Amino acid sequence: MKIYVEGYGCTLNIADTNIIENSLKEFNFEITDNVEDADLVIINTCVVRLETENRMFARINYFKSLDKKVVVAGCLAKALKKKVENLADLLIMPREAHLSGEIIHEHFVEKNKKENTINLEEKLKYISPSLITPLPICEGCIGECSYCIVKVARGRLISYSREKIVKKAEELINSGTKCLLITAQDTACYGFDINDNLPNLINDLCSINGEFIMRIGMMHAKNVGDILDDLIEAYKDEKVAKLLHLPLQSGDDGVLKAMKRGYTVDEFISIVNEFRKKIEDLTFVTDIIVGFPTETEEAFENTLEVLRKIKPDYIHGAKYTSRKYTEAARMKQIDTKIRKRRSEILDKLRRELSYMNNKKYVGKKMKVLITEENKGITHNFKVVRFNEDADIGAFKEIKITDAKTFGLFGNL
């Protein structure tokens, strides 16, 4: 049986797509890059925003129009199960990614239906090495955000054991990985369920022999407080990319409370300031939602004011979209035209701030991992382009000669 696999979404979902493919190979299914040749299609889905959900259903309907068997995997399958199962031939939940080969074989070859035993740590076995490799460290979260549907899809926190994560990381690095993307819905809450924590994990990963860099994925600010000092110490290791991805979501305390984010603006700023004080060349990335149901014009202006104060290197801006099963969906919604206008204002500011931050690197020499021809990532995860030839996978020192809004340019 030939299978075409298509994946969407965050770094965690990218890892799951890789896991699905390797699980299929274990059962000798042939993976094809051409959907026309496929007997069956697996689409690993994302559901974080309404636009994304609509795109997922459009792709599912497209595959059905090709008269293909369609398996829907990932967050859409779990969060909107009743809606999806009317279209799909089979559903695979996010926590079943590593069982995909077994599930497909039972359903379409053996034509049996049985309950599968789920051991989430088995997911790690199905991650294959590449130059840049996503490495999941836990599943689910402990958040209560009033707008988020992902917690419906991914469930409550289950952390993988530190020993198994480190063992897998060592295997990947020995097989050629030069950059680990440490990923989860919220990396900051890693270990809270097993009496462990993220700094311990980072320290153990840094002890692995070899030249590599690791990027620590998105962290929820409310979970950083208890581990802040140890986390900053762990970040000082040269193997840790100097990037902090800490979503603010709103710069207004009233909106943050309605969002159930669990921190205040001042608490958030304090975390960022501590990192910047102790980590040189820190790249600070944040996320902002505009048009949340309780966001007044004053609240939006407060957000802009906070952003001008903390000056993120990069802002992921998103217009709020109502998600089924969430508390925020039951609130009075803001007009879409207002959301659009605020999004445009935010986009202008984020470009100004990104360019301003990038300019300060002109004239500096920076360590860069060459990721593709004439392109690499710096020690603080800035994208840099250059004209000279360099071996992909090598670490080189590059002098920055120019800066643009979302990237740097330099010479070897």
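In what sense, parallel or antiparallel, do β15 and strand β16 (residues 383–385) pair, and over how many bridges? The two strands pair in the antiparallel sense, and 3 bridges join them, where helices (H or I, at least four residues) and strands (E, at least two) are DSSP runs numbered from the N terminus, and two strands are taken to pair if DSSP finds at least two bridges between them. The structure is a predicted model, in which local features need pLDDT of at least 70 and side-chain atom pairs count only at pLDDT 80 or more, whereas totals for chains, interfaces and linings use all residues. Residues are numbered from 1 along each chain as its sequence is written, and side-chain values use heavy atoms, with hydrogens and water left out.

In the loop between β14 (365–372) and β15 (375–378) lies Asn-374, which has a positive phi of about 60° although it is not a glycine. Most residues other than glycine have a negative phi. Asn-374 is partly exposed, with a relative accessible area of 25%; on this scale buried means under 20% relative accessible area and exposed over 50%, with partly exposed in between (1.4 Å probe, protein chains only).

A second sheet is open, with 3 strands in the order β11-β12-β13 and parallel pairing. Its edge strands are β11 (243–245) and β13, each of which pairs on one side only, and the twist averages 15° from one strand to the next. Strand β12 (residues 283–290) runs parallel to β11 and is joined to it by 3 bridges, with His-245 standing opposite Val-285 in β12. Helix α13 (residues 297–310) packs on this sheet, touching β12 and β13, and its direction makes about 175° with that of β12; contact here means heavy atoms within 4.5 Å. Tyr-325, in the loop between β13 (314–319) and α14 (336–359), also has a positive phi, of about 75°, although it is not a glycine.

For the 16 residues of helix α2 (residues 50–65), a span of 22 Å should result at 1.5 Å a residue, and the end C-alpha atoms are 23 Å apart, which agrees; the expected span is 1.5 Å times one less than the number of residues. The residues Thr-52, Glu-53, Met-56, Phe-57, Ile-60 and Phe-63 of α2 are buried, and they cover an arc of only 135° around the axis, which puts them on the same side of α2, the arc being that of the directions from the helix axis to the C-beta atoms. The face turned away from this buried side carries the exposed residues Arg-55 and Ser-65. The elements that cover the buried residues of α2 include β1 (2–7), β3 (40–45), β4 (69–74), α3 (75–79) and α4 (81–84). Asp-67, which follows α2, has a positive phi near 65°.

Helix α7 (residues 162–174) has 13 residues and reaches 18 Å from its first C-alpha to its last, close to the 18 Å expected at 1.5 Å a residue. Its buried residues are Ile-165, Val-166, Lys-168, Ala-169, Leu-172 and Ile-173; seen down the axis of α7, these fall within an arc of 165°, so they line one face of the helix. They pack against β6 (132–136), β9 (179–183) and α8 (198–206), while the face of α7 turned away from the buried side carries the exposed residues Glu-163, Lys-167 and Asn-174. Just after α7, Gly-176 takes a positive phi of about 115°.

With a disulfide defined as a pair of cysteine sulfur atoms within 2.5 Å, the count comes to 0 disulfides. Cys-75 is in no disulfide, the nearest cysteine sulfur, that of Cys-46, being 6.3 Å away, and Cys-75 is buried, with a relative accessible area of 7%. The sulfur of Cys-145 is 6.0 Å from the closest cysteine sulfur, in Cys-148, too far for a bond, and Cys-145 counts as buried at 8% relative accessibility.

Definitions and conventions
Axes fitted to C-alpha atoms, helices over the stretch in contact; angles between N-to-C directions.
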